[in-house]
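Please consult the sequence and the model alongside the points below.

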2 protein chains.
Amino acid sequence: MNKDYSRAIPRAWQDMAAVFVALGDEHRQRIMLSFEPGERLNVGQIAEVSTLARSTVSHHLKILREAGVLESEKIGKEVYFWVNKSLLREVFSNVADYLEKNA
Amino acid sequence: MNKDYSRAIPRAWQDMAAVFVALGDEHRQRIMLSFEPGERLNVGQIAEVSTLARSTVSHHLKILREAGVLESEKIGKEVYFWVNKSLLREVFSNVADYLEKNA
DNA sequence: TTGATATATCGAAATATTTCGACATGTAAG
DNA sequence: CTTACATGTCGAAATATTTCGATATATCAA
């Protein structure tokens, strides 16, 4: 047993924590699923198909962006979001690796 | 854009939600990391190296077990837990697949 | 410059999660 | 049977998250 409870959590797990929190919420999952392959969507489009208030959608988008699973760019008045596939790929392959080696 | 916000969340994502929630908490991550490869630990052992009260550890173990990432078996007075590697493998490979096909 | 539009942020209320100690349950030992 | 021990569950308090409407900021159009 690894008894060092207070030691630093491995880097791979640290980066994952925010991703796990972000993807562990149903509304945020639905936002992720509203993207078609390679698609960019602005906040208005995402808010329109949601059952939540615009400001709440904005809050969830912030959590997804800060976790790294979405990226965003402001174009004119609008902010476009898209899925950060490469981060997701990396995170999940890191977990898979960690699992094979240490669990 | 996939506008059907109210449609069912894909099975692969549903199963993942609980896993994500479970692994998105620092204390639960630390519990996961205290297992050496293939090891079984009982509640007392896990609680001993934790900074939390025994009943709180019990609560976190329940969440991890219900998410499927830990399995458990009662032997005598003690309940032993171990990491469900095959479930974790499956979940992460499902996400990776979904990602390649739909994102 | 004024007005309209898109988004973000703020503060408060509602809701959910975490945490603890006390108590309940199950199991083995004396 | 009684006691001791391991774990689970309960209820309440502390804390965190979610949610909303109102307001702020930034951008473009008239």
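How many residues line the largest cavity, and which lie nearest its centre? The lining comprises 14 residues, and A:W13, A:Y98, A:L99, A:A103 and B:M32 lie nearest the centre. The model is predicted, so local features need pLDDT of at least 70 and side-chain atom pairs pLDDT 80 or more, while totals for chains, interfaces and linings use all residues. Residues are numbered from 1 along each chain as its sequence is written, chains are lettered from A in the order written, and side-chain values use heavy atoms, without hydrogens or water.

**Cavity**
- A cavity is a set of points on a 1 Å grid over the protein atoms alone where a 1.4 Å probe fits but cannot get out; lining residues have an atom within 4 Å of a point.
- The largest cavity holds about 120 Å³, a volume being the space filled by probe spheres set on the points.
- With four residues, α5(A) contributes the most to this lining; helices are DSSP runs of H or I with at least four residues.
- Twelve nonpolar, one polar and one charged residues make up the lining, where Asp, Glu, Lys and Arg count as charged and Gly as polar.

**Surface near DNA strand C**
- DNA strand C is surrounded by 23 residues, each with a heavy atom within 4 Å of the strand.
- α4(B) gives the most to this surface, with five residues.
- B:S55 has a polar side-chain atom 3.1 Å from a base oxygen of DNA strand C.

Key: 1 Å grid on protein atoms, 1.4 Å probe; cavity = no way out; pocket = protein on both sides within 12 Å on 5 of 7 lines; lining within 4 Å. Helix = DSSP H or I, 4+ residues; strand = E, 2+ residues; numbered from the N terminus. Polar contact = N/O pair within 3.5 Å; in protein donor to acceptor, adjacent residues only side chain to side chain.
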